[in-house]
Every structure is written in C-alpha cells, then in structure tokens.
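Work through each task first, then compare your steps with the solution.

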Amino acid sequence: MPGVCAQSGSAWGLQRLRRYAGAVGNAAVLVIALGVLVQNIDLVRQNRALRRGAALPDVEIHQRLIELRAVSMQGTLVSILNPMPGGKRTLFITMSPSCPICSSNREKWVAMTKALRNRKGWRVCWVSRDSLESTRQYLNTLGIMADEIVAEPPQSTYLGLGLAKVPQMISVSSDGEVERVWRGRLTEQAEAEIAAHLQLDVGGNPDPRVGF
C-alpha cells in the first residue's frame, strides 16, 4: 500500500541522513533531514486520507477541474485536461472493475456513451482508478473504444475527480467547470435526469428531436 511505502522510505532516508550528519558534522544536513521528515509526514497523511476515502472532498457542481492525467490503454501518461478543443463538453464515467455497483450500471453506461460517441459537442472519458491491465480486460469486453479509456490516475487526478468514491458520472463544460454529478447506482430518477441532460431518450438512445 502507498502508506507502507511512504513510511518505509522515510525511515530509510532518515537513517542515511543521520549517518551522514554524524560523519561530517554539517548542520545543513540536519536542516535537509528536517525537510525530508516534513515531506514524508505530509505524504503519510495524504495516503491515510486516500485509504479513508470518506474524508476526501466530493466533486461539486461549479468546481473547476484544473489538471487531469491518467494512463492510456497504450501505457502512456496522457492529459485529459479541460477545456477541450472545439468547445466539447465531457462526460466522465469514474469506475473500478472490482466495484459491484459499477457492474450493475455497466449496460446503461454503454448505451449512453455509444449514443454520445458521434454527437457534436460531446466526448466520453471512462476513468478507472485501478490498474491498466485489469481495466483493459474489463472494458474491452464492452466494445468501448480504447481512446475513451484511461486508468491508474496520479494522486492529483484521483483527488480532483473524487475517485475515492465510485461510480460517478460527471458532466463537465468545455471550459472545465463541473455541471452535474450523479453518484452510485443508477435509479430511474437518475436515468431520467441524465437522459434530459445529455438529450437522450430514457433508453439511452439519441433523442430524435435533437440533431447531431
């Protein structure tokens, strides 16, 4: 777990610095050691917060997403930063292959995202908080396009998208402002709200009254 690694790394680093400080008697090294200790304490706190999950803030309407990165299905770190060129809005689906509620939402998500795929002004981005390999195996069976999927987000994105709590559907404007958030299992009320927001019918199909 990240917390164990951070704690082990801090203990190892401090031991090295103490030995060096004793050998050279340099007060500057002690200052550096103190700085390392402070940084590691901060990392430990962040990792504990990630494990608690409930202590982390949720994504809120009107929140502006500053910088988002994750690993593509090709294994490279990519930017999923808003705003998008051409004024596109983004529908983020945050999930985990091991999440049973995500599995129960899966068919409805697939129907909605396929309907949006060719719609002007929208793009879809599936964000998995899990490993690249498990995400690839899970989503490849659904017929989701590889360029719509990212995984293994760094901590800044994990926090920015509130990935301690999945599943979520997050609608984001072209300038990066959160418009709507739906969390958890998709109820009939949530489905109706999402369909209206995305201009789909209640079955997840494009609303015939809306042009592409």
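**Exercise 1.** Find what the buried residues of H6 pack against.

*Solution.* Step 1: locate helix H6 at residues 188-198; helices (H or I, at least four residues) and strands (E, at least two) are DSSP runs, numbered from the N terminus. Step 2: list the buried residues of H6, which are Ala190, Glu191, Ile194, Ala195, His197 and Leu198. Here buried means under 20% relative accessible area, exposed over 50%, and partly exposed in between (1.4 Å probe, protein chains only). Step 3: look for their partners, with contact meaning heavy atoms within 4.5 Å. The buried residues of H6 pack against S3, H3, strand S4 (122-128), strand S6 (168-172) and strand S7 (178-183).

A word on the source: this is a predicted model, in which local features need pLDDT of at least 70 and side-chain atom pairs count only at pLDDT 80 or more, while totals for chains, interfaces and linings use all residues. Residues are numbered from 1 along each chain as its sequence is written, and side-chain values use heavy atoms, with hydrogens and water left out.

**Exercise 2.** Work out why the buried residues of H6 line one face of the helix.

*Solution.* Step 1: take the buried residues of H6, including Ala190 and Leu198. Step 2: look down the axis; these residues fall within an arc of 165° (taken from the directions from the helix axis to the C-beta atoms), so they line one face. Step 3: turn to the face pointing away from the buried side, where the exposed residues Glu188, Gln189 and Ala196 sit.

**Exercise 3.** Is serine 96 buried or exposed, and which side chain does its side chain make a polar contact with?

*Solution.* Step 1: find serine 96 in the loop between strand S3 (89-95) and helix H3 (100-116). Step 2: check its relative accessibility, which is 1%, so serine 96 counts as buried. Step 3: its side chain makes a polar contact with the side chain of aspartate 130 (2.6 Å). A polar contact is a pair of N or O atoms within 3.5 Å; within protein, one must be able to donate a hydrogen and the other to accept it, and residues adjacent in sequence count only if both atoms are side-chain atoms. Step 4: leaving aside neighbours within four places in sequence, serine 96 is in contact with Cys102, Arg129, Asp130 and Val166.
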